[in-house]
Each structure stands twice: as C-alpha cells, then as structure tokens.
Amino acid sequence: MINHKDLRRFYHFDLEGTDIASLIPKDYGVLSSEYDYQNDHLHVRAKLDKNKNGRMDED
C-alpha cells in the first residue's frame, strides 16, 4: 500500500536488490501516483522542488 508518506521517492530495482535506479530525479518530489491496473502502468506526477525544502508547497 502506497500512502502520502511514501511518495517522496520511487526506485526501480532487480529481484536481488542490487541494481537500484531512481525513477524521479533528486531535485523533484512526487505529488501523486495512480496505478492503471488494466495496462499495468503506474502514473507518477512530480514537481521540481525549487526551494529544496523537501515539502510540497503551495507555490
């Protein structure tokens, strides 16, 4: 289950957990995600964190 506390970073890794790659650049934060089960796609919305405070701001 993915909730709002998990949305800051997403990673892709192999079954052994050795080949880890970030799906979202470090200077971006995830705003929301939606799973399309019919097409087996995860849609992720991210935004540049201009002030680099690590939070979702209104501006």
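R45 is partly exposed, because its relative accessibility is 42%, where partly exposed denotes the range between buried (under 20% relative accessible area) and exposed (over 50%), computed with a 1.4 Å probe on protein chains only. This description concerns a predicted model, in which local features require pLDDT of at least 70 and side-chain atom pairs count only at pLDDT 80 or more, whereas totals for chains, interfaces and linings use all residues. Residues are numbered from 1 along each chain as its sequence is written, and side-chain values rest on heavy atoms, with hydrogens and water left out.

The side chain of R45 meets that of E34 in a salt bridge, at 3.7 Å from N to O; the criterion is a side-chain nitrogen of Lys or Arg within 4 Å of a carboxyl oxygen of Asp or Glu. Because E34 belongs to strand β3 and R45 to strand β4, the pair ties together parts that are 11 residues apart in sequence. E34 also counts as partly exposed, given its relative accessibility of 46%. The structure holds one salt bridge.

Strand β3 (residues 28-36) pairs with strand β4 (residues 41-48) in the antiparallel sense over eight bridges. Strands are DSSP runs of E with at least two residues, helices are runs of H or I with at least four, and both are numbered from the N terminus; pairing requires at least two DSSP bridges between the strands. Within this arrangement, A46 of β4 is the bridge partner of V30. Four residues separate the strands of the hairpin, in which D40 adopts a positive phi near 55 degrees.

D36 is found in strand β3. This residue is buried yet has no salt bridge, and R45, the nearest side chain of opposite charge, is 10 Å away; for this assignment Lys and Arg count as positive and Asp and Glu as negative, while His and the chain ends are not counted. Apart from neighbours within four places in sequence, D36 is in contact (heavy atoms within 4.5 Å) with H41 and H43.

A nonpolar surface patch is formed by Y35, Y37, L42 and V44, with about 420 Å² of accessible area together. Patch members have over 30% relative accessible area and no salt bridge, with nonpolar side chains (Val, Leu, Ile, Met, Phe, Trp, Tyr) joined within 5 Å and like charges within 9 Å. V44 lies in strand β4 and is partly exposed, with a relative accessible area of 31%.

The protein chain has zero helices and four strands. Buried residues make up 12% of its 59 residues.

Methods. Areas by Shrake-Rupley, 256 points an atom, 1.4 Å probe, with all protein chains shown as cover.
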